[in-house]
Amino acid sequence: VVAAPARITLDFYARRRQRDARYRRMLLRLKDEPATSKDGQRLRLLANIELPSDVSQAQEVGAEGIGLYRTEFLFMNRDEPPGEEEQYLAYREVIAAVDGPVTIRTLDLGADKQSDAVRVSQATNPALGLRAVRLCLRDRNLFRTQLRALLRAATAGQARIMIPMLSSLSELEQALEIVREVKHDLAREGIEFDSKVPVGGMIEVPAAAIAADLFANRLDFLSIGTNDLIQYTLAIDRIDDEVNYLYDPLHPSILRLIHNVICAGREAGIPVSLCGEMAGDPDYTRLLLGLGLVEFSMEPTRLLEIKERVRTSEREKLMGQTQQILGCADPAQLRMMVYQLNQDGE
Ligand code: PEP
Ligand code: MG
């Protein structure tokens with residue numbers, strides 16, 4: 001708040017408001033344009049949503065689909081978890097409304113996402129406790145109910161199942177086995193469902209990022225959750241303000257892990273997207289393009305700005321420049337190199 005602003009201050013902010021309004025109008029004109037880099041690489045920009053009502057916001061900015069539907073929001077602010085029918089209706093509403101993939105993440109409750117309806121780890125370190133897929137493998141009825149609703153709703157469009165917080169292959173095998181069992185049950189009961197829904201996993205635990213090739217061989221797609229990947233790799237609680245100054249997407253270990261996952265996906269011939277906050281930050285768009293990322297999923301409000309970045313970038317050139325960034329040991333120099341990527345063509 002500026003109390004009793006001088007004329008010059010008022011003029012400054014009035015001009016800035018006009019400039020911002022012009023910029024927003026320019027971005028809105030990009031809504032129906034393709035997310036293609038200057039050298040012709042087609043990228044895919046998807047939206048992250050939390051509730052079915054968020055779909056309209058994703059459509060307003062021309063998102064090509066949903067890269068992350070955080071279903072745990074359906075479980076919050078209530079005493080009992082939603083039943084199969086309620087979940088079915090919610091997922092179906094989203095899948096039917098979206099002309100593109102709808103990536104539904106199975107329950108990721110725990111740590112920063114609490115619900116009175118489901119008991120999750122209250123241990124000293126809930127981020128390392130019984131949460132997400134671990135919780136689903138413990139409380140199998142909860143998992144099965146969600147999978148039944150999801151597989152049934154999938155007949156309405158292009159759904160994808162995404163399993164969060166994978167850290168070991170045995171967890172993945174158990175989760176895949178439950179998906180198979182649920183399909184078997186639905187078929188036996190004569191209930192209509194989509195048997196071909198792709199199953200992917202979130203790579204957000206360092207163990208999974210390091211061994212991404214092993215996960216890639218068993219999944220239909222991968223999605224990098226940088227919010228948690230950064231938290232776990234750098235040992236920084238993402239909701240602790242005292243240490244958030246250490247939270248650094250440009251840490252060399254993070255860049256190497258992202259690169260490793262993208263390469264593992266390419267080797268296995270499966271798509272890799274990135275759905276953490278990094279995907280919606282224009283300061284990282286060129287870096288991620290240079291690391292080989294082709295699918296970004298973000299808050300809808302960020303999408304047009306990211307599209308503008310993509311459309312003014314030369315991907316091939318960025319890939320060469322990014323190799324040097326990956327080899328850079330000095331954090332200050334690395335930051336400067338990323339800054340320079342963003343200045344090119346400005
Ligand atoms: C992530 O961890 O990057 C992510 C997208 O999931 P969430 O923020 O919901 O944990
Ligand atoms: Mg996460």
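Start at methionine 165, which sits in the loop between strand E4 (158-163) and helix H6 (169-188). What you're looking at is a predicted model, in which local features need pLDDT of at least 70 and side-chain atom pairs count only at pLDDT 80 or more, while totals for chains, interfaces and linings use all residues. Residues are numbered from 1 along each chain as its sequence is written, chains are lettered from A and ligands numbered from 1 in the order in which they are written, and side-chain values use heavy atoms, leaving out hydrogens and water.

Back to methionine 165: its phi is near 60°, a positive value in a residue other than glycine. Is methionine 165 buried or exposed? It's buried, with a relative accessible area of 1%; buried means under 20%, exposed over 50%, and partly exposed in between, using a 1.4 Å probe and protein chains only.

Alanine 4 also has a positive phi, near 45°. You'll find alanine 4 in the segment before helix H1 (7-28), and its relative accessible area of 75% makes it exposed.

Now follow the chain on from that methionine loop. E4, H6 and E5 form a right-handed β-α-β unit, which is to say that, with the strands pointing away from the viewer, the path from the first strand over the helix to the second runs clockwise. E4 and E5 pair in the parallel sense over three bridges, where pairing takes at least two bridges found by DSSP. Methionine 162, for instance, has glycine 200 in E5 as its bridge partner.

E5 is also joined by four bridges to strand E6 (residues 221-224), and these two run parallel. There, isoleucine 203 is partnered with isoleucine 224 in E6. Five of the five residues in E5 are buried: Val199, Gly201 and Ile203 point one way, and Gly200 and Met202 the other.

Finally, which residues coordinate the magnesium ion (ligand 2)? Glu204 (OE) and Asp228 (OD) do, at 2.1 to 2.2 Å. Glutamate 204 lies in the loop between strand E5 (199-203) and helix H7 (206-210), and aspartate 228 in helix H9 (residues 226-234), so the pair ties together parts 24 residues apart in sequence. Glutamate 204 is buried at 2% relative accessibility, and aspartate 228 is buried at 2% too. Donors here are N, O and S atoms within 2.8 Å of the metal (3.2 Å for Na, K and Ca), and the site may look incomplete because water is not among the atoms.
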